[in-house]
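Dear colleague,

I am handing over the structure below, and after it you will find some notes to read alongside it.

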Amino acid sequence: MDFRDRHIVVTGGAGALGSAVVEALLGAGAVCHVPCFNEAEAQRFRLRDHKGVRLTVTGSLADEAAVGRLYQGIAPLWASIHIAGGFAAAPLRETTAAMLHQQIDMNFVSCALCCGAAVRAMTGCGRIVNVSARAGLEWRSGAGMVAYTASKAAVAALTAALAEEVAKDGILVNAVAPSIMDTAANRAAMPKADYALWPKVEEVAATIMFLASSDNRVTRGAIVSVYGKS
């Protein structure tokens with residue numbers, strides 16, 4: 001896949017999956033615009049000094065003004081990949097309004113605002129890839145993490161509806177839905193799990209790459225499960 005000189009926003013680009021996506025895009029010639037929440041996150045990003053990276057400290061992506069500043073001046077924008085989000089596990093009886101708002105803001109509002117900004121910035125055609133979750137598709141599996149599940153289900157619904165809305169503009173909108181990926185943080189949280197069953201972040205990144213590429217000519221409105229063997 002050839003992304004030579006294509007400008008692509010990757011939110012959450014400093015995280016485990018995001019870094020794998022950015023690295024693959026850079027290898028294919030892309031210019032990656034990576035927003036970080038704060039300077040500490042920016043300093044941790046291992047690809048920050050790559051010539052193809054445009055790094056900004058943006059703050060919360062649930063802030064409409066911050067998102068507007070991120071996308072302003074990126075021209076022409078080819079793709080926007082929305083990986084930024086957050087996870088919280090708690091039964092609903094212990095979930096406060098603040099926790100609900102946090103999950104909705106981190107996972108849904110940030111994604112929706114970035115989708116809107118991307119659509120406005122694209123001219124002629126483009127690609128948007130969101131990140132939902134297995135629980136966002138298989139709701140019963142979200143027991144014990146209801147707020148997270150609902151926010152990721154909203155991302156899936158947003159993806160399908162927006163794909164229909166902008167299809168005639170030449171913008172293809174899709175999402176991936178990971179289960180649990182093989183990351184250092186997940187291994188630490190579940191030390192007795194069989195890691196061989198978990199998809200590698202590079203494997204999930206490969207699916208995102210295709211959906212964001214010009215090789216994808218017809219797929220829209222899909223929420224692609226990337227579960228591996230888990």
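**Surroundings of Thr 159**

Leaving aside residues up to four places away in sequence, Thr 159 touches Asn 130, Val 173, Asn 174, Ala 175, Gly 221 and Ala 222, where contact means heavy atoms within 4.5 Å. This is a predicted model, in which local features need pLDDT of at least 70 and side-chain atom pairs count only at pLDDT 80 or more, while totals for chains, interfaces and linings use all residues. Residues are numbered from 1 along each chain as its sequence is written, and side-chain values use heavy atoms, with hydrogens and water left out.

Thr 159 is found in helix H6 (residues 146-166), helices (H or I, at least four residues) and strands (E, at least two) being DSSP runs numbered from the N terminus. Because its relative accessibility is 0%, Thr 159 counts as buried (under 20% relative accessible area, with exposed over 50% and partly exposed in between, for a 1.4 Å probe and protein chains only).

**Strands E1 and E2**

In strand E2 (residues 31-36), six of the six residues are buried, so the strand is largely enclosed by the rest of the structure. Val 31, His 33 and Pro 35 point one way from E2, whereas Cys 32, Val 34 and Cys 36 point the other way. Strand E1 (residues 7-11) pairs with E2 in the parallel sense over three bridges, pairing requiring that DSSP finds at least two bridges between two strands, and Ile 8 has Cys 32 of E2 as its bridge partner.

With best wishes
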